[in-house]
Amino acid sequence: MDLAAPTLRSTPQTAAAPALPDPAAADKVAKEFEAMIVGQLMESMFAGMRESPLFGGGGPAEKPWRSMMLQEYGKAIAESGGLGIGRMTHDEIARLYAAQGAAQTERTS
């Protein structure tokens, strides 16, 4: 029986550069972010309403129905380019991607 302590092998550390995210994903993330923000703004707008025929006219299902409906309104507004929050978010994400790419280029050269 060999009771010798296992030896640690030193493996060469390869500094793999992190992959840059897909720039097309920035647009999707920006729209999802705007949809979430708009949906939350709309939920705040309708928070004071008790019952509404717009959202089922009362009953136990109105509250979850209202929330889902307002989130869908938020998605529709974001898809149409509504408030410009998505465009600003996209521009910021693109700026960060560019800075990350420049930093990677500097490290490799």
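Of the chain's 109 residues, 21% count as buried, where buried means under 20% relative accessible area, exposed means over 50%, and partly exposed sits in between (1.4 Å probe, protein chains only). The model is a predicted one, so local features need pLDDT of at least 70 and side-chain atom pairs count only at pLDDT 80 or more, while totals for chains, interfaces and linings use all residues. Residues are numbered from 1 along each chain as its sequence is written, and side-chain values use heavy atoms, with hydrogens and water left out.

On to the overall layout. The secondary structure amounts to three helices and zero strands, and reading along the sequence gives the pattern α-α-α. Helices here are DSSP runs of H or I with at least four residues, strands are runs of E with at least two, and both are numbered from the N terminus. The chain exposes about 8,400 Å², with carbon and sulfur atoms supplying 62% of that; the areas come from the Shrake-Rupley method with a 1.4 Å probe, and for residues only the protein chains shown count as cover. Taking contact to mean heavy atoms within 4.5 Å, 74% of the contacts between residues at least 6 apart in sequence join residues at least 24 apart.

Next, the nonpolar side chains. In soluble globular proteins, nonpolar side chains tend to be buried together. The largest nonpolar core here has five residues, namely V38, M42, F46, F55 and L70. Such a core is a set of buried Ala, Val, Leu, Ile, Met, Phe, Trp, Tyr and Cys residues joined through side-chain atoms within 4.5 Å. With residues up to four places away in sequence set aside, L70 touches G39, M42, E43, F46 and F55.

T89 is a polar residue worth a look. It belongs to helix α3 (residues 85–108) and counts as buried because its relative accessibility is 17%. The T89 side chain reaches the backbone oxygen of I85 at 2.8 Å, inside the polar-contact limit (N or O atoms within 3.5 Å; within protein, one must be able to donate a hydrogen and the other to accept it, and residues adjacent in sequence count only if both atoms are side-chain atoms). Beyond its neighbours within four places in sequence, T89 is in contact with A30 and F33.

As for charged pairs, a salt bridge is scored when a side-chain nitrogen of Lys or Arg lies within 4 Å of a carboxyl oxygen of Asp or Glu, and the count comes to seven. One of them pairs K31 with E79, with the closest N and O atoms 4.0 Å apart. K31 sits in helix α1 (residues 23–45) and E79 in helix α2 (residues 62–79), so this pair ties together parts 48 residues apart in sequence. K31 is partly exposed at 29% relative accessibility, whereas E79 is exposed at 54%. Both also belong to a network of salt bridges that links D27, K31 and E79.

Other bridges stay within a helix. R66 and E62 meet at 2.8 Å, N to O, and both lie in helix α2, four residues apart, about one turn of the helix. Both partners are buried: R66 has 11% relative accessibility and E62 has 5%. E92, at 36%, is partly exposed, and so is R95, at 46%.
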